[in-house]
Amino acid sequence: MTFIQFALNNVKRNTRAYVSYFLSCMFAVTVFFMYAVVIFHPSIREYEFHNVVQSGIIASQVMIYGFSFIFVLYSTGTFVKSRKKEYGLLTTLGIKKSQLNRLLILENTMIGLAAILAGIAVGALLTKLFLMVFSAILGIGDILPFHLSLRAIGLTIILFFVMFELNTLAVVWTLRTNSIMEVFRGSTKSNRKPTFSWFISVFALAAVLYAYYLAYTADITTIGARMFPILAFIIPGTYFLFTQLSIATTSIFKKNKFFLYRNLNLLTISDLAFKLKENARILFIVTILSAVAFTSSGVLFNLFRSVEAETVRFVPQAVSLISNENANLEDFKKTIENVEAQFQDKFIPYESMLASTIPAEMESNSPNWDTTPIMIYSYSDYQKMMDLKDEEKLRHPKFSEAILLSQDLVNRFTAKVPDSLTIKVGQTNTDLAIHREASPLSSSISTNVQLIVSDKRYEQFIQAADASSVRYNYVMHIPNAFDYATETEDVLNRVNTEIAYADSQADFYLMMRQTMSYLFFFGIFISVLFFLAAGSILYFRMYQDIDKDLKHYYSLYRIGLTSKEMKKIAGKQLALLFFLPFSVAAIHAGFAFKALQNILVSNVLLPSIFVYLLYFAVHFINFIIIRNIYTTKLNKVM
Amino acid sequence: MPILTAANLTKIYGSKRGIHHEALHQFHLSVDKGEFLGIMGPSGSGKTTLLNLLSTIDTPTSGAVTINQTTVTNLTKNKLATFRRKETGFIFQDYNLLETLTVGENIMLPLTLNKWKVKEMTKRLKLVTEQLGIEDITEKRIFEVSGGQLQRAAIARAIIHDPTIIYADEPTGNLDSKASRQVMESLQFLNQEKKTTTIMVTHDPFAASFCGRVIFIKDGRMFNEIHKGDNRQRFFQDILNVQSLLGGNMDDFHSIRFK
Ligand SMILES: Nc1ncnc2c1ncn2[C@@H]1O[C@H](COP(=O)(O)OP(=O)(O)O)[C@@H](O)[C@H]1O
Ligand SMILES: [Mg+2]
C-alpha cells in the first residue's frame, strides 16, 4: 500500500468525521463564492456606487473571508481533536513525525480541494436560486442576470487554497508542540467544571447595556461617531455574555436544590451548563452573524421602504423651476408654458403658481452666518406656496421680523442663528429680528436658506434691489407625484438650463430608488448568507457532538430514562442553543432599528417586525428539521 | 420462590449485510429472591447479552422474562423504562456515571427521576454513601475520584431507590484487586443484610466466589452451574476448575454497542 492509498483509505473509513469536516469547509467556500459572484458581476462593477458603499461592499467580502477562516480553523481543530487518538496510535506504531505530517497535509489538501470545487458548484446553484427568488418576491425586475465571472472563481480558488494550506500548517504545528501523551488522551479531558467570574459577567452586561444606550439615544448627528463605539462595546460584551454570564445563570439555578432536584431539571440544567460552556464561542459567532443579518436586512428594507418619505423630507416641493440669473422673464414664461403643455399631454394632474424672489446675502458677527446667500420671499407668496401643498402656514412676520427657513436636517448640523441678522439687498443693509423654522421649500442651486418677510418689507427690498436681479420661482404641486416620477424627470430634463434651474422630487426619488434597490439587494444577500452560515454552524456543531451525546443518552437509557423524557431534555437543550443566540441577536438588532428610527421620518416598526417574522419562520423550520434529525438518532440508542 | 424467570431466551443479532449471529440460544434461568447469582463464561459467550435481556435493557428475539410476576418482555419501551428506574439497579464495568454531574448528584439521579422529595433524597444519599464509605466525595466530580470510589458510587446509585434486583456487568473489570475486594464486599453486604437479589456478570473467579451460585455459559448456551457450599475457598477452586474446562479467553474487553 502506498502512502497516498493509505491516506485515501483513511478518509474512506472515518466517514462521519470527514463528512462533517468536508461539509463545513465546503460551506465556507460556498458563502464566499456566492458573494464574490455578485460583486464581480459586470453590472455591479460598472455601477457607480458612492464611495462609502463601495468600501462597504469590499469590507463585507473581507469580513466573510475572515469569518470563513475562523470557521474553517475551528472545524479543522475539532476534526483533528476527534482523531487525536488515531494519531497517537499511529505514533506508537512507529509512524515518523514527518510521515504523520505528510499524512495530515495530504488529507487536508484533498479535502480542501474537493471542498473548493463542491463549494463553487453549490454556490453557483444557490446564487441562481437566490436571484430568481429575490426578483420574484420583490418584483424589482431582473436586477442582475445570472453570470459567473472567472475572476470570482479564480479568487475563490486561490484564497481558499491558501486558507486550507495555512490551516493545515497551523494544525501540524500545534500537534508538534503537544506531547504524544497529550495526543493520546485526545478529547477526553474537556469536562472541567464550568466556571465564571462575576466581575467579567457584570462588565459584559454593562458593556452591552451601554451599547444599547448609545444606539437608543443616537440621532442623525451622532450616529456616525457612535457606530464604532457601539460595535466596540457590543461585540466583546456579547462574547463574555456567553462565556461568563450564561454559566453564572446556570450556577444560580444549580444553587436552588429544590428546583434542581425536581424531575428532569438536574439532568437538563447540568448538561446545559456544559453545553453552554463548550459552545460559548459558537453561540457568540452565531449571535453576531444573526445580528448582522437582522440589522442589515432590517435597515435596508426600512430604507428601501422610506425612499418616498425621505424624498419629501429632502425635497419638499414636487417641482420648482427657478429662473436663471441672466434669463429674461419672457423666455422663462415660455419655458413654463412648454412644461405645462407637456404635463397636459401626458395627463399629469398638477397645480402651479409663480412666486418672485430676491437673492441676497446676510451679514452677521457670527462667522457661521456671515455672507450666507439667501432667497427672500414675500409672506403672500409663501402663503400661496403653502396653499398649493395644503400645508399649515407660519404666522405673519412683523415688519421688523423675518422667518429664516432652512432644512430640518441642516438645522441640526449648523450653529444657532443669532437673534438678529443684517440683510444686504442691493446697496442697503437692513437689520431684522430672526426666527428660525424648518423649511417647507425645496432648496435651490444657490442656497438652501430662505427668508420670509412681510409684504411691506418685500416691497421695500424690491425697491432697493437691482431690477434685473429679481428672480422667479415657478412651483408645481403634483398629487401622487411618485407615480409620475419618470415622466416628470423626462419633462424637466428638457428644460434649458440657461433659462431655468429645475429641482424636483422625481429626480431625487429615482436616484434614491436606484441606489436603494442595489443596496437592498446587497443587504438581503449578505443577510441571507450570514443567516445561512449561522444556521449551518449550529447544525455542524450538533453533528460533531452527536456521538458524545448518544453515549450520554445511552447511559441514561440504561438506568431507566424514557424516550419521552430524553426527547424532552434534548429538545429543551437544542431549543435553547438555537433560540438563545437568535433572541440576543434580535434584541441587538432591535436597538439598531431604534437608532434607525431616530434618523428616518417614516415608521420602522412594521417593516422591522416583518423582517423578524421572516427570519423567525426560517429559523424555526431549521430548528424543527435539526431537532428531528437529532431525535431520530436518539431513538436508535433505544 | 423465584423472583425472576427466563424461558426460552434467544437473541439473534442481525447486521445490515444480512449476517445473523445467534448470541443466545433458548436459554432458561430462574433466580430466587435474595439470591446472589454469578454469570461466567469466555469472552463473547453471551454474558452481557443475557444480562441485558434479563435487565430489560435489550429485548429478546424470542422467549420471555418474568420479574415479580410481570412478564417484562411484553411491556412497551416506555413502561420498561419506568420499570427499570423503579425496580432495578445497575452497575457497569464503565461505571455509567454522568460526567456533567457531581458524584452525589449521580447517586441521587434515580430519585429525581422517581420524583422524590428533596429532603428524603438527601437523607437517602447520606445513608447509602455512609454504607459504602464514600460520604466524603459526594461534592466531587467524576474525574476527580478513583475507579474504586466511582464503582462504589455506581453501587450507591444502583441501590438508593431500594430496587428489587441489582444487575452488575463486570463491576470489577476496571479495578485493581484492593478496589475489587471493597466493591465485592459492598455487594455481599447488601445481599446479606438487605436481601437484595443480585445478578452479576464477571470473568474474575475471585469476584465470582462472593456469589451463592455461579452459572457458566458457552456459545450462548448453559454450560454448567455450581453452588457455594459453606467454604468459599472450595467454591473458588470449583470455579477455577470449570473455567479451565471451558477454555477460551476469559479476559473481556467491554465495549458499548448500539443496535
Ligand atoms: N449489538 C450487537 N450486534 C451484533 N453482534 C453483537 C452485538 N452485541 C454482541 N454481539 C455479539 O454477540 C456475542 C455475545 O456478545 P456478548 O454478550 O457481549 O459477550 P460477552 O459479554 O460474554 O463477552 C459476541 O459474539 C458479540 O460479537
Ligand atoms: Mg460482556
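A residue is termed buried when its relative accessible area is under 20%, exposed when over 50%, and partly exposed in between (1.4 Å probe, protein chains only). By this criterion Cys211(B) is buried, with a relative accessible area of 0%, and Cys25(A) is buried at 1%. Over all chains the structure holds 0 disulfides (pairs of cysteine sulfur atoms within 2.5 Å).

The model is predicted, so local features need pLDDT of at least 70 and side-chain atom pairs count only at pLDDT 80 or more, whereas totals for chains, interfaces and linings use all residues. Residues are numbered from 1 along each chain as its sequence is written, chains are lettered from A and ligands numbered from 1 in the order in which they are written, and side-chain values use heavy atoms, with hydrogens and water left out.

The contact between the two chains (heavy atoms within 4.5 Å) takes 31 residues from chain A and 31 residues from chain B. The size of an interface is often given as the accessible area lost when the parts come together. Here the buried area (accessible area, 1.4 Å probe, lost on putting two parts together and summed over both) is about 3100 Å² for chain A and chain B, with 61% of it on carbon and sulfur atoms.

Across this interface 2 salt bridges are found (a side-chain nitrogen of Lys or Arg within 4 Å of a carboxyl oxygen of Asp or Glu). Arg558(A) forms a salt bridge with Asp94(B), in which the closest N and O atoms are 3.3 Å apart.

In chain A, Asn473(A) lies in strand β8 (residues 471-477); strands are DSSP runs (E, at least two residues), numbered from the N terminus. Asn473(A) is buried at 3% relative accessibility, and its side chain makes a polar contact of 2.8 Å with that of Tyr377(A). Beyond four places in sequence, the residues that Asn473(A) touches include Ser320(A), Ile322(A) and Met353(A).

Pro359(A), in strand β2 (residues 351-363) of chain A, is partly exposed, with a relative accessible area of 28%. Leaving aside neighbours within four places in sequence, Pro359(A) is in contact with Ile374(A), Met375(A), Ser469(A) and Arg471(A). The C-alpha atoms of Pro359(A) and Ile374(A) are separated by 5.8 Å.

Technical notes: Helix = DSSP H or I, 4+ residues; strand = E, 2+ residues; numbered from the N terminus. Polar contact = N/O pair within 3.5 Å; in protein donor to acceptor, adjacent residues only side chain to side chain.
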